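Please look over the sequence and the structure shown here before reading the briefing that follows.

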Amino acid sequence: MSTADAPKKPRETDDVPVPATLRKSLKNRHIQLIALGGAIGTGLFYGSSESIALAGPSILLAYLVGGFAIFAIVRALSEMSVEDPKAGAFSYYATRYWSKRAGFISGWNYWFNYILVSMVELSVVGSFVNYWFPAIPTWVSAAVFLVIICAANLLGVSKFGEFEFWFAIIKIVAVIAMIIGGLAVIIFVLPTASGVRASFANWFTVGNGFFPNGLMGQNSDGSWTGLLMALVVVMFSFGGTELIGITAGETEDPKTTIPRATNDIIWRILVFYIGALGVIMAVVPWNTIDGKSSPFVQIFDSVGIHAAAGILNFVCLTAVMSVYNSGLYANSRMLYSLAKQGNAPAYLGKLNSRGVPVAGVLTSAAITAIAVVVVFVWPEFSFNYLMSIATIAGIINWTMIMLTEMKFRKVVAAGGAPEDSELAGLSGQEALDAIHFKLPFAKVTPWVVLAFLALVVVLMCFSTSYRIAVIAGVIWLAILFAAYQLTQAKK
């Protein structure tokens, strides 16, 4: 039989019935925009005002330092993802190269982290909808968007990728429009609402200069401020960039796509954080950014676009939907991976004909719905306590990624690389040299990042609003350890 007459293998798309398996349907453009969208959210559009108030123009250095730390973390995760692309990356790698206990803690920590993040995102979606339709109850908006995003995830991974692609496009266009508008004000010396001439010199001449609050100091009310304290806020705004690792198991060409998306993180941070905030503080005096409105609204107002609040409201609504879309995707794949490891009920490891872990999607959505009810009934309790766990959970995630990467290298050097990897059969330095996408300065970088994350935790203890997160984190880890021991005892 000729090659032309041979039966063709069905393409692994979401619409062609093939055996139940995760589909490698995410294309390069999906991964690029997922990675980019993960770094742009309400933390940039609204949260940046808090970091500017703490450090003034020197916040640009905080974003640069924090950006390099995040880049190293994602590079460490991508090193493993390229050699061994699997769903539920954190949990799988921690189990495979460290221990089953580490996989249990890593997986459930990440899952619960995104449950809490999704909970808060859904609880605020109503406020954005009410901007245009004040008569709609906030819980109705939360329920509608929960159902829409859940349905999108059930359609298949390529549909999830399309949603994220367009969500990210909207956010990118908004930031670029702001940067171009701000540069126009500076270049053409257009008048501004503040009356202060727009110039990059304002970084050094407005409000006690570039380091108005120094590295660290106390205000008259006893609160701490300065460049170091701003690092705490900055690091939380980078949450979500590690989603690249979760997508590796469903990416068409991980050896090409994952490295490209990872390496692009640095310029994205330079453009979309440092570039955007740098332009904002050149046009709007930083000491007038008080958090009552978004810095992006203020600069649009300076340009003369007084519909800025409405534009940003739409962008933030998109950002919220994007976060929940990513969170539900990540959580369903994490439950799938945990089930395959024996660290979660077996029903969560089943796939439908589209390659979607339906049980994981529905279970995560149901838990999130319950959590949203908690937010509406006890809002103060939810935000003051539950979100504390979510914030420290991000640092736990990053810490375990770096520790797992070091374990991964030890296993590879000992000849334990995956059988389907190009490293199979190699050992020692030869195996390490053959790693396709290496973490730069791998002997030193993990320790530098771990020391940096430890510094962030220490700095959190100086802040009244973040101190509770550290306490909650210790309690949360103790619960995870106890839960693992309990499940093992039952077995």
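In this predicted model, the axes of helix H6 (residues 100-132) and helix H7 come within 7 Å of each other and cross at roughly 115°, where axes are lines fitted to C-alpha atoms, for helices over the stretch in contact, and angles run from 0 to 180 degrees between N-to-C directions. That makes H6 roughly perpendicular to H7, given that angles under 35 degrees count as roughly parallel, over 145 as roughly antiparallel, 65 to 115 as roughly perpendicular and the rest as oblique. Helices (H or I, at least four residues) and strands (E, at least two) are DSSP runs, numbered from the N terminus, and residues are numbered from 1 along each chain as its sequence is written. Because the model is predicted, local features need pLDDT of at least 70 and side-chain atom pairs count only at pLDDT 80 or more, whereas totals for chains, interfaces and linings use all residues, and side-chain values use heavy atoms, with hydrogens and water left out.

**H6 with H7**
- H6 passes H7 in a right-handed crossing; a crossing is right-handed if the near helix is turned clockwise from the far one by less than a right angle, and left-handed if anticlockwise.
- Leu122, Val125, Gly126, Ser127, Val129 and Asn130 of H6 are in contact with Thr138, Ser141, Ala142, Phe145 and Leu146 of H7, contact meaning heavy atoms within 4.5 Å.
- This contact of H6 with H7 comprises 6 nonpolar, 5 polar and no charged residues, where Ala, Val, Leu, Ile, Met, Phe, Trp, Tyr, Cys and Pro count as nonpolar, Asp, Glu, Lys and Arg as charged, and the others, Gly among them, as polar.

**H7 with H15**
- The axes of H7 (residues 138-154) and H15 (residues 308-341) come within 10 Å and cross at roughly 50°, so the two helices are oblique to each other.
- The contact involves Phe145, Leu146, Ile149, Cys150 and Asn153 on H7, together with Leu317, Met321, Tyr324, Asn325, Leu328 and Tyr329 on H15.
- Sorted by class, the contact of H7 with H15 has 9 nonpolar, 2 polar and no charged residues.

**H5 with H6**
- The axes of H5 (residues 89-97) and H6 come within 7 Å and cross at roughly 170°, and the two helices are therefore roughly antiparallel.
- Phe90, Ser91, Ala94 and Thr95 of H5 make the contact with Lys100, Ala102, Gly103, Ser106, Gly107 and Tyr110 of H6.
- The residues of the contact of H5 with H6 are 4 nonpolar, 5 polar and 1 charged.

- Buried residues make up 56% of the 491 residues in the protein, with buried meaning under 20% relative accessible area, exposed over 50% and partly exposed in between (1.4 Å probe, protein chains only).
- Beyond four places away in sequence, Phe296 touches Leu44, Phe45, Val175, Met178, Ala276, Ile280 and Leu312.
- Asn397 lies in helix H17 (residues 379-413) and is buried, with a relative accessible area of 5%; leaving aside neighbours within four places in sequence, Asn397 is in contact with Ser106, Asn109, Tyr110 and Asn113.
- Phe71, in helix H4 (residues 59-83), counts as buried at 15% relative accessibility, and the C-alpha atoms of Phe71 and Glu242, 171 residues apart along the chain, are separated by 9.4 Å.
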